[in-house]
Amino acid sequence: MRLTATAFVTVDGVMQSPGAPQEDPRDGFDLGGWLPPHFDGELGQYMNEVFEEAEAFLLGRFTYEAMVGYWPNVTDPAVKVGVALNTLPKHVVTSTLTDLAWNNSRPVTGDIVARVTDLKNTPGKELQVHGSAELVHYLAGHGLIDAYRVLTFPVVLGRGKRLFADGVPPTGLRLTDSRTTPSGVAMHTYETTGQPSFGAIA
């Protein structure tokens with residue numbers, strides 16, 4: 001499986017608490033809920049397409065806890081995101097959670113790099129990370145992410161957790177897909193290509 005990270009971000013790269021004011025108020029963040037005003041039908045269809053590529057999910061503890069409070073109750077078979085989340089394997093990186101009651105959830109502990117590498121070597125489509133800022137930072141730091149889906153929303157916040165934190169290793173990217181929605185959301189898919197190239201403008 002290839003490991004993909006999908007993130008909703010603002011123009012200045014903030015990915016914290018997109019869905020609701022109290023989704024992720026850590027570190028005093030009080031600007032949550034910036035996504036819903038821009039969610040439209042085309043964005044919904046795009047996300048359906050993303051989840052159709054999933055073979056399994058890799059989630060951080062905080063994102064797992066946020067999802068488990070909502071998605072197990074979404075049982076309409078027409079909601080493709082819910083079907084995928086409720087049926088496919090969910091690998092949760094955690095050293096504290098012991099009761100993973102959500103169907104097909106399993107903990108990832110110990111040597112995280114080795115465990116994730118083993119998952120990537122499993123046949124299938126995509127091992128998908130959604131949200132999970134700290135997990136994405138960790139995976140990026142170890143060169144484990146094969147592609148990013150970056151959905152940029154037309155808003156600037158100025159503070160909050162960012163997709164690419166300070167100290168992220170320099171990484172080259174290749175744009176493989178680009179779309180926009182009527183509400184102004186830009187969806188870009190980038191494959192990682194190793195070390196970036198550098199030069200000078202003559």
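**Inside the sheet and around it**

Reply: Let's start with β6 and β8, which run antiparallel and are joined by six bridges. Helices (H or I, at least four residues) and strands (E, at least two) are DSSP runs, numbered from the N terminus, and two strands count as paired if DSSP finds at least two bridges between them. This is a predicted model, where local features need pLDDT of at least 70 and side-chain atom pairs count only at pLDDT 80 or more, while totals for chains, interfaces and linings use all residues. Residues are numbered from 1 along each chain as its sequence is written, and side-chain values use heavy atoms, leaving out hydrogens and water.

Strands of a sheet pair through backbone hydrogen bonds, either parallel or antiparallel.

How buried is β6? Seven of its seven residues are buried, so β6 is largely enclosed by the rest of the structure. Buried means under 20% relative accessible area, exposed means over 50%, and partly exposed lies in between (1.4 Å probe, protein chains only). Ala-147, Arg-149, Leu-151 and Phe-153 point one way from β6, while Tyr-148, Val-150 and Thr-152 point the other way, and all of them are buried.

Now step back to the whole sheet. It is an open sheet of eight strands with mixed pairing, in the order β4-β3-β2-β5-β1-β6-β8-β7. β4 (105–108) and β7 (173–180) stand at the edges with a single partner strand each, so one side of each has no neighbour in the sheet. From one strand to the next, the twist averages 25°. Axes are lines fitted to C-alpha atoms, for helices over the stretch in contact, and angles run from 0 to 180 degrees between N-to-C directions.

Leu-173 has Thr-192 in β8 as its bridge partner, and Arg-179 has Met-187. β7 and β8 form a hairpin with five residues between them, and Gly-184 in the turn has a positive phi of about 95°.

α5 (residues 133–141) lies across β1 (2–10), β2, β3, β5 and β6 (147–153), running at about 105° to β2. α2 (residues 61–68) lies across β2 (54–60), β3 (90–93), β4 and β5 (126–130), at about 110° to β2. In α3 (residues 80–87), the buried residues are Val-81, Gly-82, Ala-84, Leu-85 and Asn-86. Their cover includes α1, β2, α2 and β3, with contact meaning heavy atoms within 4.5 Å.

On a 1 Å grid over the protein atoms alone, a pocket is an open set of points where a 1.4 Å probe fits, with protein on both sides within 12 Å along at least five of seven lines; lining residues have an atom within 4 Å of a point. The largest pocket holds about 1100 Å³ of space, a volume being the space filled by probe spheres set on the points, which are joined across faces, edges and corners. β1, α1 (41–52), α2 and α5 each supply at least two residues of the lining, and α2 gives the most, with five. Of the 38 lining residues, Glu-23, Thr-63, Met-67, His-130 and Gly-131 lie nearest the centre of the pocket.

Let's finish with Gly-131, in the loop between β5 and α5. Gly-131 is partly exposed, with a relative accessible area of 25%. Not counting residues up to four places away in sequence, Gly-131 touches Thr-6, Met-15, Thr-63 and Val-136. Gly-131 and Arg-61 are 70 residues apart in sequence and 11 Å apart in space, C-alpha to C-alpha.
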